[in-house]
Amino acid sequence: MALVEIENLSVEFPTQGGIMRAVDGVSLKLEEGEVLGVVGESGSGKSVTMLALMGLIPFPGRVRADKLAFNGRDLLTISDKDRRKLTGKDVAMIFQEPTTSLNPSFTVGFQLTETLRLHEGMDRKAAERRAVELLGQVGIPSPESRLSAYPHQLSGGMNQRVMIAMAIACNPKLLIADEPTTALDVTIQAQILDLLISLQKERNMGLVMITHNMGVVADTAQRVMVMYAGQIMEERSAADLFASPQHPYTAALLAALPERSEGGRLATIPGVVPGLYDRPKGCLFSPRCAYATEHSRTVRPALKPWAGGHIRCHYPLGDPNRSAAINHDHPVGTEAAS
Amino acid sequence: MAAPPFSVLAMLRFILTRVSLIIPTFIGITLLAFFLIRLVPGDPIETLAGERGIDPVRHEQLRKEYGFDKPIIVQYGIYLARVLQGDLGKSMITQEPVLNEFSALFPATIELALCAILFALILGLPAGIIAAIRRNSIFDHGVMGISLAGYSMPIFWWGLILILLFSVQFDLTPVSGRIDVLYYIEPITGFLLIDTLLSDEPEAFWSAVRHLILPTIVLGTVPLAVIARMTRSAMLEVLGEDYIRTAKAKGLSRFRVVALHALRNALIPVVTVIGLQIGVLFTGAILTETIFSWPGVGKWLIDAIFRRDYPVLQGGALLLGVVVMSVNLLVDLAYGLINPRIRHTR
C-alpha cells in the first residue's frame, strides 16, 4: 500500500473573473520512505497540491479528486476531527518563510511543546524534555536555553530548524517541505537540506520537497515531478529525468540552469505561464513550446506512462518517430523547420 | 544569543522616561484649565451671590479675598505654586477642599467607566472576532453597520432615547441616579456595587445594578463600536499570516487557532485602541453623568462650569488629566507584556 495516493486531484478557487484552476488533474503515488521532488514555476500548483493533501486549502477553494488517500485513510470522506489527528502528527509540513511561519507572540518552547501535548498527550515536563531533545537533533546549540526564546530573537536558519523540529516532533510518516530553503542564505540552504535528508534517512519517512530550484532536487530527490500551470508535465526517477528529459518543458528548464550552460547567453523559455483567461485549449505548454503543432494546440495530451515514469506530451523527446509525427501534425513552433 | 532576561532596569528606565514626558503635559493642562474658564464670560462672585445681587463694596472685598484683583499672570503663578505644593484649593461654593470632593465623587465615575469598558470588551471582542472569521456574512455586515451607527451617534441623543424607551415607556430601568433613595449605603470603597454587597441589603445591590444599566450602555457604545471594528480588522490581518497556516498544519482545533494563535496577535492593536479610548471615555462620562444625574466627577465639573467655580474646574481637570495619563502609561506597559517584540527592543 502506497503512503500517498492521489488520483485526478483538482483545486479550484472562485474569483471575480471566473473559476481559477490552481491544480488540474494531478495523480500521484508516494511510497513509504520515498523522496519526491516537485518542481515548477511560481503558480504551477505545486504548493497547492500539497496543501490539498494537508487539508489546508483556504475557503472558498474547492478540492475534488477521484481518490485522495494517506496511509490507507480516505481523506475525501474523513471528518475534520479525525483529519486533525493526522495533520501535524503523521503528515507534517514546513514552509518557505520560517520567521513568519512561527507565531511571534509565543516562545519557541511553547510552540514546540504544543504539538507534543496535543498529539502525544505528554504533560508539560515531558514535552519540554522531548522539545530539548528535538532541538538538539535539528542542530540547535544549547537547546535548553532556546525554549524561552521568541522567533524574532533567532535567525532565519535557526527558525527553520525550529520548524523542522516541530514537524518531526511526532515522528511523521510524511514530511512536506514547501521551498524550505528559498528564504535562506546560500550557506544555510545546504545545511538545512543536509539536515532534512539525514532526518529522512534516519526515520525512513516520506519526504516531498517542493522547490523551483532544480539543483535542490538533483541533490535530494529519488523521483521528480515537474508541474506546469496546475498539471503534471513529467514524472520520472531523478537520475533518468536529469540524464534524458522527455518533456520539452523539462528540457527547457534544465537548459536554463546556469551550471548546464556552455557559455554565452543563458537559455530562457519565451512567453509566460497561461493565466485565468488565456488557458490554451490544447497542451498547456504549447504556446511556449518550440515543437508545438496544430494538433498539440487543439488537443490536450493525456498523462501517459513513458520511459519508466509518466509524461503529458504528444511528442516525447525520446520517441524515435517524433520528427515524423511533428511534421505530420503541421508544426507551428520555432523549431518547426528542423 | 540566548533570550535576554526580562530586565527590571530597562523597565524602570522606560517608566521614568514616560513619567518625565508627563511633566510638560501636566503644565499644559494647568494652563488650559486656568485660562479657558476665565475666557468664559461671567463673574464668579456675582454667580456666587445669585439673584439677590451684591453690594459693590462687599464685591470688591471678596475679589481681593480670592485674589481676582491681581494681574492674571500673577494669579496663575500663585495657582501653579500651590498646585506644586499639593494644594488644589477649595470650592468657592461648598468651601470643601477640591481634592476631598474629587475623591468622594471619583469612585462613582470609575464604577461607571469600568462597567462601560467591560461592556464594550465583552460584546466588542467576540463580535469583532466572529465578524472576521465569518467575513462578508450577514453577521459581519450587521455588526459593521451597527457599530458605524453606534460610533456616529451623539451620546446625548442616545441617552435620552434610551431613557424615553426603557424608563419612560416600559418602566424597566430608573431614570437617574446611582441607587434608590430608600437606601443609604455607608461608603467603604466608594463603589456602590461592592459596598451594597458588603452591607446586609441585597435589594440595594440590585437597585444599584439597575441604575447602572442605561448609563453603561450609553457610555460604552462608542468604545464598543471602536473595539468591534478594530478587532475585526486586526483579526482579518492576522488570520492571513503564515503562522496561522502553521498552527492549522499542526492539527490544532479551529477554536485554538483563532482564540489563541490569532487573537493573541490581534490584541496588540486592540489594546492600543482601548488605551486611546480611555480619554474619550472620560469625555463621554461628563455627558452621560449629566444625562443620568450620575453623582460623579463629570456632573460635578459641569455644575462647576455653571457656577464659575474656578478652583473646582482647575483642580478637576488637572486630576482627570493625571488619571488619563496614568492609565495610558499602564496601557503602554500592558502593550509590552502582550507583545514580546516590543518588550525586548526597549
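Analyst: In chain A, eight strands form an open sheet with mixed pairing, in the order S7-S8-S9-S3-S10-S11-S13-S12. Strands (E, at least two residues) and helices (H or I, at least four) are DSSP runs numbered from the N terminus, and two strands pair if DSSP finds at least two bridges between them. At the edges of the sheet stand S7 (91-94) and S12 (304-306) of chain A, each pairing on one side only. From one strand to the next the twist averages 25°; axes are lines fitted to C-alpha atoms, for helices over the stretch in contact, and angles run from 0 to 180 degrees between N-to-C directions.

This is a predicted model, in which local features need pLDDT of at least 70 and side-chain atom pairs count only at pLDDT 80 or more, while totals for chains, interfaces and linings use all residues. Residues are numbered from 1 along each chain as its sequence is written, and chains are lettered from A and ligands numbered from 1 in the order in which they are written.

Within the sheet, S11 (residues 231-237) and S13 (residues 309-311) of chain A run antiparallel and are joined by two bridges. Glu234(A) stands opposite Ile311(A) in S13(A).

In chain B, helix H5 (residues 98-133) packs against helix H11 (residues 254-291) at an angle of about 145°, with axes 10 Å apart.

Helix H7(B) has a kink of about 25° centred on Ile163(B), the bend being the angle between axes fitted to the seven residues ending at a residue and the seven starting there. Asp171(B), which follows H7(B), has a positive phi, near 55°.
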